[in-house]
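Hi everyone, thanks for coming. Let's have a look at this one together, starting from the picture.

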Amino acid sequence: MVIEAPYYHQTHQESEVFLQTFQNRMPLLLKGPTGSGKSRFVEYMAHTTGQKLITISCHEETSSTDLIGRFIIKGAETVWIDGPLTTAVREGAILYLDEVAEARPDVIVAIHSLTDHRRELFIDKLGETVKAHENFMLIASFNPGYQRGFKELKPSTRQRFVALSFGYPTAKIETEILVNETGVEQDIAKKLVAIGGKIRNLTELGLTETVSTRLLVDAAKLINSGLPKRLACHVAIVEPLSDDAQTIESMKDLVDLMI
Ligand code: ADP
């Protein structure tokens, strides 16, 4: 059975960067706002390189134990269970730590020795050091805007990675993405992209996060399945972005003028 490649539209030579980073056994950091295609890119590259992909969505409670592994009681015995990081290191998979800055600080400590020439993982509970499989690759993502200096990645950590920035694609590429991803008519896709561009430029709205490609894809999907265009934009683009009544009204007015 041939598994189809996930659809990904390249925007800035990121495939080349990925392949060379992989060849040189370096870790990769993907920076950019939510919904800008980081995860899709990783899925696409894992498929292209034929690598197994293990994804961890990091949150405040994610600890090194969750990644490395733990002892569990099984009947009368205590057995060790490898965590996803250890599995990836042993088997040679791609480990994708999504939103790494959200995780507890001990996660960053645990991955340090994997991000330099040593490429090894120290499992303190086993007193064992595991050399990474040749094909092991570490990828992390983080969202610089969203963290707002609260949960920044330390420069000493960032400098261990090759880093790629993700933003919003050009209008032409973003239109292509909407059409390919949802099958929506080209004309409607163009209008959605124009709405996205307009709201992104309205910095005075003071949005914490602005319109991502994901939100435009969602609106296109709803339109395609029969929801009226304006309503689809209100619920898929406007409402997720703000809870402030006035801001919502301004964005809805803008949408109604444009579609
Ligand atoms: P992130 O990981 O940055 O939060 P995702 O990779 O989940 O974002 O992207 C969200 C959605 O946006 C995807 O499911 C896809 O529909 C669409 N998307 C964004 N960028 C691209 C792209 N370059 N090519 C194809 N689809 C994209």
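This is a predicted model: local features need pLDDT of at least 70, side-chain atom pairs count only at pLDDT 80 or more; totals for chains, interfaces and linings use all residues.

Residues are numbered from 1 along each chain as its sequence is written, and side-chain values use heavy atoms, with hydrogens and water left out.

So, which residues come nearest to the ligand? Of the 16 around it, those are Gly35, Lys38, Ser39, Arg40 and Glu181; being around it takes a heavy atom within 4 Å. By type, this shell has five nonpolar, seven polar and four charged residues, with Gly counted as polar.

Now the polar contacts, meaning pairs of N or O atoms within 3.5 Å. Ser39 has a polar side-chain atom 2.6 Å from a ligand oxygen. For the side chain of Glu181, an N or O atom is 2.7 Å from an oxygen of the ligand, and for Arg214 a polar side-chain atom lies 2.9 Å from a ligand oxygen.

And where does the ligand lie relative to the domains? Domain 1 (13–165) and domain 2 (171–257) both contribute residues to the shell, so the ligand lies between them; those bounds come from an automatic or database assignment.

Terms used:
A polar contact is a pair of N or O atoms within 3.5 Å; within protein, one must be able to donate a hydrogen and the other to accept it, and residues adjacent in sequence count only if both atoms are side-chain atoms.
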